[in-house]
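Trainee: Before we look at individual features, could you show me how to read a model like this one, step by step?

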Amino acid sequence: MQKLVIQGGRRLEGEIAVQGAKNSALPIAAAALLCDGESRLENCPKLSDVYAACRILTNLGCRCEMQENTVTVDAHGMHASEIPEQFMCEMRSSIIFLGAVLGRMGKCTLGYPGGCELGPRPINLHLQALQRMGVKIHEENGILHCTTPNGLHGARIHLQFPSVGATENILLAAVTAKGETTISNAAREPEIVDLAGYLRTCGACICGEGTGTIVVQGVKSLKGCTYRIMPDRIVAATWLAAAAATDGEICLRQVKSSDMASILDVFEEMNCRISAADNRIYLHAGKPLKAVRLMKTMPYPGFPTDAQAIMMAALCRACGTTLVEETIFENRFRHVDALVKMGADIQVAGRVAAIHGVRSLHGAAVEATDLRGGAAMLVAGLSASGETVIHDVFHIDRGYDSPEQVLQSIGAEIIRT
C-alpha cells in the first residue's frame with residue numbers, strides 16, 4: 001500500500017495552478033453518454049474516481065480515452081444499460097449515471113453506490129424524482145431495475161433537501177425527456193452550474209441553474225462538444241489551508257474566487273490576508289492565526305461540508321476556540337482522532353466539535369479515513385514538527401491529482417512511497 005511521508009514544519013510559499021473539479025468532471029462525464037458524436041472534456045483531473053467513471057462508460061459500450069487532462073467520450077457504440085456492482089461500489093458519485101443511462105437507453109440496472117463512509121446518504125430523493133418522470137423501479141437483492149415503459153416525461157419536482165446528486169440526476173434525465181421539468185429547492189452549487197453549462201453547449205434547453213429553481217425543456221437529441229471543466233474549489237481551499245497552517249504565502253492560479261466566498265471569509269476571520277481576483281487568489285498567513293467563532297456547514301452558498309475537515313486541521317493551531325457544526329453528514333468527524341493523535345485539542349459532541357488551539361502539532365503515523373479527512377491529515381502533517389506518515393492514501397487520490405508533487409513545488413518535504 002502506498003503512503004505519504006511528510007517532514008513537517010516547512011513554510012509553504014509559491015504559486016499553484018488549481019486542478020479541474022472532481023465533482024464537476026464526474027457528472028459531466030456521465031452526461032457525455034447522452035450525446036451524439038464525441039465530447040472532449042478538458043481540464044479533467046487525473047484521479048481514481050475519474051478513472052472509475054471511464055471504466056463505467058467503457059463497460060456501457062462508449063469509447064472513453066484519457067490523455068493528459070483531456071477525457072474523450074464517444075457514446076455512438078453504447079449498447080448496455082447495466083452498471084455492474086463492482087463499478088458502483090468504487091465511488092458514491094456512480095449514482096449519477098442512473099439519470100443519464102435512463103435518458104439514453106430508457107432503462108438501467110445498477111446496485112447501490114459506494115464511496116466514503118460518511119454516514120447515510122440515501123438515494124431516495126433521486127428515485128422519487130425519477131418516478132415522477134415516468135420511471136418504474138423494482139429492487140431485487142439490492143439491485144435496482146429501472147425502466148420507462150412510456151418514456152421519460154417532464155414533471156414538477158420539489159426536493160425536500162437541495163441534494164447535489166439528486167439535482168444532477170434529474171437534470172440528466174430531463175434534458176431529453178418529453179416536455180418541461182421544473183426542479184424547486186434545487187442545489188445551487190457551482191458544479192451544478194458547470195453541468196448545466198456543458199449540457200447547454202450540447203444543445204440542451206436549461207435555465208435557472210445556480211438558483212433554487214431550474215427549468216428544463218426536453219429536446220430530442222444532444223450533440224457532443226468540447227468543454228473545459230471548472231476549477232476545484234475544495235482543492236483550492238486545501239492548498240490555502242496548507243499555506244495558512246505553515247505560516248506561508250501562496251498564490252493560486254486557474255481558480256474561480258467568486259465560488260469560494262464562504263471559504264475565503266473564514267480565512268479572513270482567521271487573520272489571513274486575502275486578495276482575490278476572478279481567476280487568482282493570494283493568501284498571506286496571519287501571525288498568529290485566530291480561532292473562528294462558528295464554522296457551520298451548509299448547502300451552497302454556505303460553507304461546504306467538503307472543506308470542514310481541511311479547515312479544522314488549519315484551526316488546530318489558531319489562538320482561541322473554534323466551534324464547528326456539521327449539518328450535512330453525521331459521520332464527518334472521523335478525522336478528529338488522527339488530529340488528536342498529532343497533538344490537537346478537540347472535543348466532539350454529536351455534530352458539534354470544539355477546537356482549542358494549541359501551540360504546536362507533532363508528527364505521527366495516521367490513516368486517511370476518507371477523502372477530505374485524508375486531506376486534513378495532509379494539512380496537519382505539513383504544519384506539525386517531525387515526521388507524519390499517512391496510510392491509505394487511495395482515499396486522497398480520489399480527489400487530489402499528484403498532491404505530493406504540487407506541495408513539493410511550494411516547499412513541502414513530502415514523498416510517496
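Mentor: Begin with pLDDT, which is the predictor's confidence in each residue, from 0 to 100. In this protein chain the mean pLDDT is 95, and 98% of the residues reach 70 or more. This is a predicted model, in which local features need pLDDT of at least 70 and side-chain atom pairs count only at pLDDT 80 or more, while totals for chains, interfaces and linings use all residues. Residues are numbered from 1 along each chain as its sequence is written, and side-chain values use heavy atoms, with hydrogens and water left out.

Trainee: Over which residues does pLDDT stay under 50?

Mentor: That stretch is residues 115–121, for which the model has 20 contacts beyond four places in sequence, a contact being heavy atoms within 4.5 Å.

Trainee: How should I read a helix, taking H2 as the case?

Mentor: Helices (H or I, at least four residues) and strands (E, at least two) are DSSP runs, numbered from the N terminus. The expected span of a helix is 1.5 Å times one less than its number of residues; for the 12 residues of helix H2 (residues 48–59) this gives 16 Å, which agrees with the 16 Å between its end C-alpha atoms. H2 is followed by glycine 61, whose phi is positive, near 105 degrees.

Trainee: Which residues of H2 are buried, and what do they pack against?

Mentor: Buried means under 20% relative accessible area, exposed over 50%, and partly exposed in between (1.4 Å probe, protein chains only). In H2 the buried residues are Asp49, Val50, Ala52, Ala53, Cys54, Ile56 and Leu57, and they pack against several elements, including helix H1 (22–31), strand E6 (70–74) and helix H4 (97–105).

Trainee: And how is empty space found?

Mentor: Rolling a probe the size of a water molecule over the atoms shows where empty space is left. On a 1 Å grid over the protein atoms alone, a cavity is a set of points where a 1.4 Å probe fits but cannot get out, and a pocket is an open set with protein on both sides within 12 Å along at least five of seven lines; lining residues have an atom within 4 Å of a point. Grid points are joined across faces, edges and corners, and a volume is the space filled by probe spheres set on the points. The count comes to one cavity of 30 Å³ or more, and the largest cavity has a volume of about 40 Å³. Among the residues that line the largest cavity are Val50, Ala53, Cys54 and Leu57, and H2 gives the largest share of that lining, four residues.

Trainee: How many nonpolar, polar and charged residues does the lining of the largest cavity have?

Mentor: Ala, Val, Leu, Ile, Met, Phe, Trp, Tyr, Cys and Pro count as nonpolar, Asp, Glu, Lys and Arg as charged, and the others, Gly among them, as polar. By class, this lining has 10 nonpolar, no polar and no charged residues.

Trainee: What is the volume of the second largest pocket?

Mentor: Its volume is about 250 Å³, and of the 17 residues that line the second largest pocket, the closest to its centre are Gln19, Lys46, Asn69, Asp401 and Val406. Its lining has eight nonpolar, six polar and three charged residues.

Trainee: Is aspartate 74 buried or exposed?

Mentor: Aspartate 74, which has its place in strand E6, is buried, because its relative accessible area is 19%. Not counting residues up to four places away in sequence, aspartate 74 touches Gly37, Glu38, Cys62 and Arg63.
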